[in-house]
Every structure is written in structure tokens, then in C-alpha cells.
Amino acid sequence: MKSFVFAVVLCYSALIINAQTKKIDSINNLISKAPTDTARINLLVKKIKLVRNQNIDSSIQLGKKILGEAQKIGYYKGEIDLRNNLVTSYCFKGDYKSAQENLKFLETFIKPSKDSDDYAGLYSNYGMMYGMQSKYDTSIQFYEKTIGIYERGHNKNSLASSYSNIAIGFQQLSNFAQALFYQQKALKLAENNNDESTQAYTLVNMGITYTLIRDSVRAEQAYRKSILLAEKNNLKDVELYGYTNLSTLYIDKDQWKEGYEFAMKAALLASKNGDQGTQASSLSKGAICLANTGKFSEAMALAKKAILIADSSAQPLNIYQGYSSMGNILKLQKKYAEGIPFYEKGFTALNKTDAYDVDIGNSYKELSECYEQNGNYNKALTAYKKYAEIEDSVRSKDNIQKATELNMNYEFEKKQGIADVLQAKKNAEARWRQLLLLGSLLLTLILGIGAWLAFRNKQKANRILELQKSEIQSTLTQLKITQAQLIQSEKMASLGELTAGIAHEIQNPLNFVKNFSEVSTELVDDMEEELKSGKKETAIIIAGSLKANLEKITHHSLRAATIVKGMLQHSRTSTDLKESTNINALADEYLRLSYHGLRAKDKSLSAGQAGFNASIKTDFDEYLSSDRGKVNIITQDIGRVFLNLFTNAFYSIAEKKRMQAQGYEPTVTVSTKKINDKVEIRIKDNGNGIPQNVLDKIFQPFFTTKPTGQGTGLGLSLSYDIIKAHGGDIKVETRESVGSEFIIQLPVN
């Protein structure tokens with residue numbers, strides 16, 4: 001078994017072409033300033049399309065919310081756009097039932113009018129939905145309706161995407177000539193419109209067609225150009241399709257290492273984007289690569305994961321790919337009988353589809369071999385006939401030749417057009433040379449004067465530039481000094497928090513030492529009096545009490561020494577050496593120090609008042625306290641992260657308590673949990689929360705929401721850098737007036 005290609009549908013609506021080139025924060029800024037509700041919804045539609053490229057689940061959630069707002073104000077166009085977007089997102093999630101419900105609603109909701117673009121969008125989404133279910137004949141019929149509407153209306157922007165989409169159907173039916181015909185039309189329109197998004201989508205699919213007609217050179221060129229355009233325009237879906245199809249290309253050349261690397265890169269991107277279909281397909285390819293390098297146990301584990309995800313995607317072609325890859329892995333191990341059920345399940349998934357390509361043919365050939373090795377010669381012959389039928393049709397000389405000739409003609413016309421443009425340019429240049437020759441004498445004099453003036457201006461400009469350079473250098477030096485001072489200020493602030501906590505911790509044993517020392521002094525006086533009075537037995541009893549007191553003084557002195565020693569270990573300069581650490585004990589220790597540090601600075605306590613108190617809750621995973629559960633970290637650095645986050649949490653609840661005295665119980669909750677190969681630490685408070693408009697900036701250096709003089713804005717930035725340096729991740733979930741929860745994930749090893 002080789003591998004399989006994966007086409008990408010270009011979603012309906014021309015708006016996505018422009019919206020994808022903008023940043024989400026720019027859209028958010030415009031949304032906050034929208035003059036009307038309808039203008040705001042239109043901007044949110046653009047944001048939904050951007051979000052879909054990053055995470056499909058988030059796109060669906062946001063789309064449903066805004067749909068309710070559009071219905072509330074009776075915004076007709078907004079509801080159409082939002083439902084079309086929901087259809088697209090549901091299809092990519094494999095939730096075809098929800099997609100069809102929205103399409104059926106739109107059939108009755110869209111108002112008949114001269115402007116039929118709304119119907120074109122409806123037909124386009126039907127085409128996409130059936131195409132993703134591998135029902136390509138039906139998909140092509142709907143796209144033909146869409147193209148007819150756009151061609152009559154001369155809607156070139158939307159035509160490009162429709163041409164690209166209908167080509168997928170022909171491609172999957174192995175009609176390569178017709179697929180290339182529409183792809184070339186789409187690419188030409190997109191290039192004329194400077195539409196890089198549609199170019200990226202179309203190039204991925206052209207690369208697939210080139211792969212299927214065995215033109216691997218053009219295929220790789222198309223994939224790599226598509227990936228570059230996708231990265232430039234932040235098209236995560238196109239980028240992952242480019243990588244998964246590059247994997248196919250290398251697998252077809254038996255380059256298993258490269259095929260595996262591209263497959264896993266695509267699987268990771270698909271997982272982040274919520275695209276279960278492509279994730280399953282890419283994992284199947286990775287499994288095939290592992291099997292062909294002899295790593296059968298790893299390959300089977302990966303194939304099982306691919307099958308599980310593919311079943312969830314509800315996309316027949318992906319389900320087939322998952323099961324057939326498992327069958328192929330078993331066949332490579334000569335476990336023919338075990339492989340047969342997986343091939344059969346794969347073909348069962350295709351029963352109600354129009355899928356008909358080389359990969360399916362190869363799978364029939366492999367199944368035929370399994371039947372033969374298992375002694376079932378009748379079934380072996382039937383499967384081999386099916387393989388031969390597909391191979392003769394798909395790989396027929398006429399089919400490949402038509403596609404190749406069409407591509408050659410297209411490239412020749414492009415080159416001829418470029419040559420005509422160059423010749424016209426040369427002719428124009430010749431005419432201009434003649435005119436320039438006539439005026440050369442006059443221009444020589446003008447240029448001489450101009451050169452002299454330019455020389456003087458250049459000298460003046462150089463002097464100005466030197467002065468500006470000196471000023472900039474001075475400013476840069478001052479900025480570096482200021483930055484170093486701010487970083488030192490943050491470190492000193494952290495040291496202050498730590499010192500306050502240490503002082504509070506050590507105060508308790510020192511109080512015991514002081515109290516027992518005073519009592520012991522009194523006992524010595526009593527013993528002297530008893531000895532003078534000749535009461536030896538009473539003196540002996542007093543001596544026993546005195547000895548017990550001295551033992552207690554020694555015990556509490558050792559407690560104080562232990563605290564000091566531990567704190568010195570935590571406060572020493574980081575050696576950048578990781579050590580096995582009990583993360584529960586570390587978190588608990590810094591939690592107490594942070595709390596005591598805040599109370600030590602509480603002015604109301606020093607004035608004899610009740611002062612600030614908070615409820616502290618912990619939920620530590622017991623496994624992480626065992627020797628096996630220890631985490632390999634730079635203890636001092638992670639301690640600084642805990643100190644910053646705990647201090648911020650206590651600060652937030654203290655501020656809320658100050659403003660809301662009645663009925664509010666300030667609480668900080670800390671929990672740890674081992675999740676697979678990671679440790680998750682959650683630090684939650686019920687304080688004021690973080691405003692949404694600054695949420696994206698909290699990890700930036702020097703950004704703080706605290707009043708001037710109360711924070712440097714470096715605590716979270718340094719914490720972020722420390723966690724990333726450990727190969728971990730830190731994020732925050734927050735609601736204003738409700739509280740915040742910081743979530744840290746660290747690798748176990």
C-alpha cells in the first residue's frame with residue numbers, strides 16, 4: 001500500500017479572502033467601535049472565519065452565539081452568512097446532520113430575488129457537504145449550479161473558489177483532465193485578482209492532481225508554494241493539507257523518514273485546528289511509514305488512534321484510510337487473516353460514496369493477496385478484478401495523456417503570454433531610447449547641475465544622519481539601562497515577598513525560644529533559693545523542668561535553622577541544572593510564603609486590627625508526592641513562578657475584599673494533577689479577574705494592571721519565559737469580577 005491524497009475545500013464567501021489577511025486583534029478593535037448592530041455582526045462574521053482557521057470548535061461556539069443576536073434584531077443578511085459559516089464548520093467536524101439542518105433552513109429562509117448570490121452560497125455549501133462525504137457526483141451537480149450563477153453575474157472573486165472546489169470532485173473521480181481544467185481556471189482568476197488565499201487552496205489541489213498523474217516534480221513545487229502562501233496569510237488548514245500531501249508524495253517514493261515527518265507535522269496542526277478528518281488521515285500515513293521501517297508495534301498503536309479519530313470524524317474516506325492502513329500493517333507482518341477484516345471494514349465505509357481512485361485500487365490488490373494467502377481464492381480473484389478495473393480506468397493511457405496535454409498547453413500559453421509581454425516591453429523601450437537620444441545633450445547639462453546640487457545635499461544629509469545615529473545610540477543605551485533596572489526591580493520585589501514570608505515563618509519558633517528562655521531564667525532563680533534553703537529534692541525537680549525547657553529551646557532553634565537553610569536554598573542563584581523535585585511540596589511551601597508575605601506587609605495588622613485573611617484550599621495529586629512522581633525541573637526558577645502567581649492571586653483577592661467587604665470570602669485554590677506525560681498545576685482565585693481588553697498582553701514585558709509604583713510588569717513575563725524554557729505551557733482563564741485561573745503544564749521528564 002502506498003498512501004492517499006487529501007483535498008481541501010475552499011470555503012464559500014468572498015469575504016474570507018480579505019479577512020484572512022487581517023489579525024484577530026484588529027478585527028476586535030473594529031468590533032468595539034462598530035457604529036451599528038449590523039456593522040458589528042458583519043465584523044464578527046469576518047472574525048468567525050479567521051477563528052475557524054485556528055480552531056473549528058471555537059468558530060462554531062462563536063457562530064451560534066452571534067446567530068442568536070442576528071435573529072434578535074432581524075438581520076436577514078447576517079443570519080444567512082452566519083448559517084453558511086456554521087455549515088462549513090460542522091462539515092469540517094464531520095457533523096453532517098447539523099450542517100444539513102442549517103442548509104434545509106436556508107432553503108426556505110432565502111428570499112427569491114434578482115440577486116441570486118445567496119442561492120449560489122447555498123448550492124456551494126451543499127456541494128462541499130456532499131464532497132466531504134465522498135458523494136462526488138452529487139457534489140459536482142451543486143457546484144455546477146453555483147458556477148452558473150456566478151458566471152451569469154460575472155462574479156470573478158467567487159468563481160475562482162467555485163472552480164477550485166468543483167475540480168476536487170472530478171479529481172476524486174479520477175477525471176484528471178477535467179480537474180486540471182477547472183484548477184487552471186481558478187488559479188488564473190486568483191492570480192489576476194492578487195488573491196493569495198485562493199491561490200494557496202488551488203495549488204494544494206493541483207499538487208494532488210499532479211501526484212495522481214505521476215508528475216512528482218510539479219506536485220512538490222505546487223505543495224511547497226501553497227505552504228508558503230498559507231504561512232504568509234495564516235491559513236492553518238491549507239498549511240496542514242500541504243504537509244499531509246507532501247507526506248503522500250514521499251511515501252510514494254518509499255522515502256519513509258520524510259513521509260513520517262511531514263505526516264506527523266500535519267497531524268499536530270490538524271489536532272490544534274480541530275480537523276479530525278485530516279488528523280486521522282495523517283496519522284494513518286505516519287503508521288504506514290513506521291511499518292515500512294519495521295516499527296510494527298508503534299505503527300499499530302498509531303493506526304488504532306487514526307481509526308478512533310476517523311470514526312469520530314464521520315468522513316467515509318478517512319474511515320476507509322484508517323482501516324486500510326491497519327490492514328496494510330498486518331499484511332506487512334504476514335498476518336493475512338487478521339488484516340482481512342480491516343480491509344473489509346474500510347471498503348464498507350465507502351459503500352455509499354463515489355470514491356474511485358488509485359489508492360482504493362491498491363487496497364483491493366492488497367486484500368486480494370490476503371485472501372490468496374488465506375486460501376480463499378474466489379474472493380482473491382474478485383478483489384483482484386476490482387483492482388484491475390480501477391487501475392485500467394484511473395491509470396489508463398488516455399486519461400493520463402489528456403491531463404498531461406492539457407497541462408502542457410496551459411503552461412505553453414502562460415509562457416507565450418509572458419513572451420508577448422516581454423517583446424512589447426522591448427519595443428516600447430526602443431522607442432523611448434530614440435526619444436532619449438534626441439534630448440541627451442540638454443539632459444547632460446541638467447544632470448551636471450543636478451549632480452552638484454545632489455553632492456551638496458548628500459553632505460548635508462550625511463551630517464544629519466550622523467547626528468540622528470548618535471541620538472538613537474544614546475537612546476538605545478538608556479533603554480538598555482532602564483530595562484536592566486526594571487528587571488532588577490522585579491527581582492527585588494520577588495525577594496521582598498520571599499523575605500516577608502520567611503520572617504513570618506521563622507517568627508513562630510523564635511517566639512518559642514524567647515518564651516522558654518524567660519521561663520528557664522525564672523526556674524534558675526527558684527532553684528538557687530531552694531538550694532540555699534537546703535531543699536535539695538525541690539531543686540532537683542526544678543532542674544528537671546529546666547532541662548525540659550532547654551530541650552524545647554534546642555528543638556525550636558533547629559526549626560528556625562531548618563527554615564533559614566531551606567529558604568537560602570530556594571533564594572540562591574539558579575544553576576540552570578534540573579533536579580528531581582516534589583512539585584506538591586514546592587507549591588505548598590511557596591503558597592504559605594506568599595500568604596505570610598502579604599500579611600507581613602498588611603498595615604492593618606501592625607495597627608492591631610484584624611487584618612487580611614484568606615481561605616487557602618489545596619488539592620494535590622498524591623502520586624506527585626511519591627518518589628516516582630517527582631518532576632525534573634530547575635527548582636529555584638519554578639519557585640519564582642509560583643511566588644509570582646501566588647502573590648498576584650493574593651493581591652487580587654485582597655483588592656476585591658477592600659472594595660467588597662460584605663459577604664465575600666477571599667479564596668485561593670491550588671491543585672496539581674498528572675495528565676499523561678505532563679503535570680498540570682492550577683492556581684485559582686476569586687478576585688477581580690482580568691479585563692478582556694488586556695488579556696492578550698499580560699505576558700508581555702513591562703505590562704501591568706497594578707497602580708503605578710506597585711508592579712514592574714515583569715513578573716508574568718519572566719514566569720512565561722521560565723515555563724517555556726522548561727518545555728511547558730502557561731495560560732489563563734478569567735472572568736471579570738469572578739476571578740482568574742492560571743494553568744501551568746510541565747513535561748514529566
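## Aromatic pairs

The count of aromatic pairs in this predicted model comes to 19, where the rings of Phe, Tyr and Trp (its six-membered ring) pair if their centres lie within 6.5 Å, and where planes under 30 degrees apart count as stacked, over 60 as edge-to-face and the rest as tilted. One of these pairs is formed by Y126 and Y130, which are stacked, with 6.2 Å from centre to centre and 15° between the planes. Both residues belong to helix α7 (residues 117-132), where they are four residues apart, about one turn of the helix; helices here are DSSP runs (H or I, at least four residues), as are strands (E, at least two), numbered from the N terminus. Y126 and Y130 are both buried, a word that means under 20% relative accessible area, whereas exposed means over 50% and partly exposed lies in between (1.4 Å probe, protein chains only).

A further stacked pair joins F347 and Y364, with 3.9 Å centre to centre and 10° between the planes. This pair links distant parts of the chain, since F347 lies in helix α18 (residues 336-349) and Y364 in helix α19 (residues 358-373), 17 residues apart. F347 counts as buried because its relative accessible area is 9%, and Y364 counts as buried because its relative accessibility is 18%.

## A ring cluster and a charge over a ring

Y126 and Y130 also take part in a cluster, in which ring pairs link them with Y119, Y123 and F142.

Elsewhere, the charged end of K111 sits over the ring of Y76, 4.8 Å from its centre; for this description, NZ of Lys or CZ of Arg must be within 6 Å of the ring centre and within 35 degrees of the ring normal.

## The chain as a whole

The chain has 27 helices and seven strands, and buried residues make up 47% of its 749 residues. Among contacts (heavy atoms within 4.5 Å) between residues at least 6 apart in sequence, 68% join residues at least 24 apart.

## One exposed leucine

L445 is found in helix α22 (residues 440-532), and this leucine counts as exposed because its relative accessible area is 57%.

Residues are numbered from 1 along each chain as its sequence is written, and side-chain values use heavy atoms, with hydrogens and water left out. As this is a predicted model, local features need pLDDT of at least 70 and side-chain atom pairs count only at pLDDT 80 or more, while totals for chains, interfaces and linings use all residues.
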